[in-house]
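This briefing is intended for reading alongside the sequence and the coordinates.

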Amino acid sequence: MEERIGATEHQRSGEGVQRRASRLRWLRIAFGVLCGAVFMLLFVRSVDLRATLSIIGDLSWWPVLIGLGAYLLDFILRAIRFWMLLGVDERKKVPLQSTVAPFVASFGISDILPLRLGDVFRVYWFNRAFDLPVSKLLAAMILERVFDLVSILALAAIAMWVIGATLQEPVLATLRIVLGVAAAAGLSVVFAPRLLRLASGWLAHWRSSFWQQLAAFLQSVADAIGQFRSVRRVCGYFAFSLVIWLLESAVVLGAWIGLGGSGGELVKPFFAFAISTLGTLVPALPGHFGTYEYFGVLAFDAVGVERNFAAAVILTAHLVLWLPTALFAIGWLMLHGQARTQAFATRR
């Protein structure tokens, strides 16, 4: 009888946790939609959309296509970096050629669905397909994000240094604060293993099996991240990440030139690219719509670029950055689902 009561209470506790998690997910979705809608509204109200679309209508496609080619190479290198971050033992389980397609699809899923569900898909896919530990996958993704953040901060700082004389002091002060906060967030990951182990030790004292499992999970993530200690490796991955982001910046530079921007002022779209990318840290609609446009136009405005032209560049670049991965994710998921169905039918 007591065992039955205990089981019932455990079931109720589990249902309560699921309800709270569900409410939290919906709150996060609502918050992202609200933030994205607000920033999109601010963007739309700050420009003349008719004039912006007229500028886009005169787009010369060849620079954009060059940027798109650089973007393709960018994602291949991103997939290789993720594969390398998995660690030697895990790389032996995963053929490199099998990494690229699901990796790119995970980005496309996040561009379509809320809550960064592409990240959830990536963990699920690599865990199920190659039996990789979830802790190793999460550690690789955390390190991936850290290198991305530090790289884009470095590029933004370089752009600010080059064009700093043309920026007004209030703008510079605001940007310094934003970059400082983002840098602090990136550096905090250096202490992540120690913090995770402290949290794991604290949770391990709780009697609930859920908290015990969470403690063990945090410990495994800390161990996976803690293996990344070589200064030489850190510098190598940082240089690799800089190349990745320089390739992605080619999309904005291509949109700038394709719309008639001066080739002698490429630092301006490069600066806008860095700031709009940092703006994606703010919750927004799927695909970062709203924040990317608002902060991109804000950055262009700070360096004296006319707002409607700036909006045309940012919108063109954002569509080029968003559409290919979104379409690839849809196509890959459809083909993969069909392949699994055929394999199941063959087995039967």
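How many nonpolar, polar and charged residues does the lining of the largest pocket have? The structure is a predicted model, and in it that lining comprises 21 nonpolar, 7 polar and 7 charged residues. Across the protein, pLDDT averages 82.

**The largest pocket**

- The volume of the largest pocket is about 1100 Å³.
- Seen by element, two or more lining residues come from each of α1 (2-46), α3, α5 (97-112), α7, α11 (231-258), α12 and α14 (307-347).
- The lining of this pocket consists of 35 residues, and those nearest its centre are Arg116, Arg145, Thr280, Leu281 and His288.

**Residues with positive phi**

- His288, one of the residues nearest the centre of the largest pocket, has a positive phi of about 65 degrees although it is not a glycine.
- In the chain, His288 belongs to the loop that runs between α12 (267-279) and α13 (291-302).
- His288 counts as partly exposed because its relative accessible area is 23%, a value between the limits of 20% and 50%.
- Asp131 is likewise a residue other than glycine with a positive phi, here near 55 degrees.
- The loop that holds Asp131 lies between α6 (117-130) and α7 (134-163).
- With a relative accessible area of 59%, Asp131 is exposed, since the cut-off for that class is over 50%.

**Cysteines**

- The model contains 0 disulfides.
- Cys35 is buried because its relative accessibility is 14%, and buried means under 20%.
- Cys235 is partly exposed, at a relative accessible area of 48%.

**Confidence of the model**

- Of the residues in the protein, 77% score a pLDDT of at least 70.
- Confidence is highest in helix α3 (residues 61-85), where the mean is 96.
- Helix α8 (residues 169-188) has the lowest confidence, with a mean of 64.
- Over residues 339-348, pLDDT stays under 50, and the model has 0 contacts beyond four places in sequence for this stretch.
- Where pLDDT is low, predicted coordinates should not be read in detail.

How values were computed: Residues are numbered from 1 along each chain as its sequence is written. This is a predicted model: local features need pLDDT of at least 70, side-chain atom pairs count only at pLDDT 80 or more; totals for chains, interfaces and linings use all residues. Side-chain values use heavy atoms; hydrogens and water are left out. Helices (H or I, at least four residues) and strands (E, at least two) are DSSP runs, numbered from the N terminus. Buried means under 20% relative accessible area, exposed over 50%, partly exposed in between (1.4 Å probe, protein chains only). pLDDT is the predictor's confidence in each residue, from 0 to 100. Contact means heavy atoms within 4.5 Å. A disulfide is a pair of cysteine sulfur atoms within 2.5 Å. On a 1 Å grid over the protein atoms alone, a cavity is a set of points where a 1.4 Å probe fits but cannot get out, and a pocket is an open set with protein on both sides within 12 Å along at least five of seven lines; lining residues have an atom within 4 Å of a point. Grid points are joined across faces, edges and corners, and a volume is the space filled by probe spheres set on the points. Ala, Val, Leu, Ile, Met, Phe, Trp, Tyr, Cys and Pro count as nonpolar, Asp, Glu, Lys and Arg as charged, and the others, Gly among them, as polar.
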